[in-house]
Amino acid sequence: MTTPQQIPCPKRPEDLTVLINHDNYEPYLRELKQRFPNINFVVKDGFDGLSETLDEVQPDCVLSFRMGNKGPFPRELLLNHPSIAWLHATGAGIEHLPPWNAERMMVTNSSGLHVDIMAQYAVWAILNQSLRVPTYLDQQRRHEWRLYPVDSVRGKTAVIVGIGKVGRGIARQLKQLGMRVVGVRRHPDPVSEADITYTMDRLDDALGEADFVLLITPLTDETRGLFDAERLRKIKHGAHLINLARGNIVNEGAMIERIREGQLNGATIDVFANEPLSEDDPIWDAPNVIVTPHASGELENWQFHAAMVFADNLEHWLTGKDLANLCDPELGY
């Protein structure tokens, strides 16, 4: 496996063309033009007619947003157009892009953009369970007054599967609560924010220690279906599962069975194999399952912030500095 190499900027700023493929570009386009007055910015507000636009303007790089309301993402068009040397994906997950030719094109993402908001979501999900908030909300709806003891999370173990930028941010917050953090990642190097770091081949060992399992790993060929029925049984009895990664990492039917059996005490799920979740999906009514609509990373004004991640990288590209978040087509992130 080779590390992707940065492709030098092929032109002077005044000769460079950047295509913005987005239907909500107003919040940030002015800022981009002010920061880079010599660059030619072209906007295409949807996917229809994109091929003609690419051929007409011959962009050197593309700021690309996934626009579900505009149809399927035009992967082939963007990855195969000969003029494009750099594609910036505005999300952290890029499972819709690999593979691509890393010798001809660079791909970057906006990893790190959602660290704070996702860490706060993770803290909420854990405290929501430990303080029995769902139970008390149910009681409120029934106008019922009944007191239950609650348990502190201090000393509890959180296993973070995929302890990258977001996972480290979560770990920092959980350490403030006095929790023990176990990180699981591909690389053997320890993570300073975790008490102990396991490689993926020891995932089952880590799961056996977990009071809370947090999934933050990207969706790749290796992680798709990673938490199947067998692996869900490896989780410590009574643990709570929190999925902030991608729905296709977890067998949702098996997860519900493990909850009904008492193997898991419940789950907080923000991502699903099929989104939006259908009205008749059994997850809605599964016991002690909290459903949120892919909201954990829904940072206010995130489009602007993602464009500023791109802008910082564009400045690096123009000046020959290293780009942040350079993705590897073999790893998928």
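**Overall form, cores and selected residues of the predicted model**

Leaving out residues up to four places away in sequence, Pro 13 touches Asn 38, Ile 39 and Leu 318, where contact means heavy atoms within 4.5 Å. The model is predicted, so local features need pLDDT of at least 70 and side-chain atom pairs count only at pLDDT 80 or more, while totals for chains, interfaces and linings use all residues. Residues are numbered from 1 along each chain as its sequence is written, and side-chain values use heavy atoms, with hydrogens and water left out.

Pro 13 lies in the segment before strand 1 (17-21). With a relative accessible area of 30%, Pro 13 is partly exposed; buried means under 20% relative accessible area, exposed over 50%, and partly exposed in between (1.4 Å probe, protein chains only). Arg 141 is 128 residues from Pro 13 along the chain, and their C-alpha atoms are separated by 61 Å.

The protein contains 10 helices and 12 strands, taken as DSSP runs numbered from the N terminus (helices H or I, at least four residues; strands E, at least two). Its radius of gyration is 22 Å, close to the 20 Å that the globule rule gives for 333 residues, so the protein is as compact as a globular protein of that length. The radius is taken over C-alpha atoms, and the rule is 2.2 Å times the number of residues to the power 0.38. The C-alpha trace spans about 70 × 45 × 35 Å along its principal axes. Of the 333 residues, 50% count as buried. Among contacts between residues at least 6 apart in sequence, 64% join residues at least 24 apart.

In soluble globular proteins, nonpolar side chains tend to be buried together. A nonpolar core is here a set of buried Ala, Val, Leu, Ile, Met, Phe, Trp, Tyr and Cys residues joined through side-chain atoms within 4.5 Å. The largest such core has 46 residues, and those with the most contacts inside it are Phe 41, Leu 97, Leu 314 and Trp 317. Helix 10 (residues 302-319) gives the most to this core, with 8 residues. Not counting residues up to four places away in sequence, Leu 314 touches Leu 16, Phe 36, Ile 39, Phe 41 and Trp 86. A second, separate core of 33 residues includes Val 182, Val 184, Ala 210 and Phe 227.

Ser 130 is in helix 4 (residues 115-130). This serine is buried, with a relative accessible area of 12%. Leaving aside neighbours within four places in sequence, Ser 130 is in contact with Val 150, Asp 151 and Val 153.
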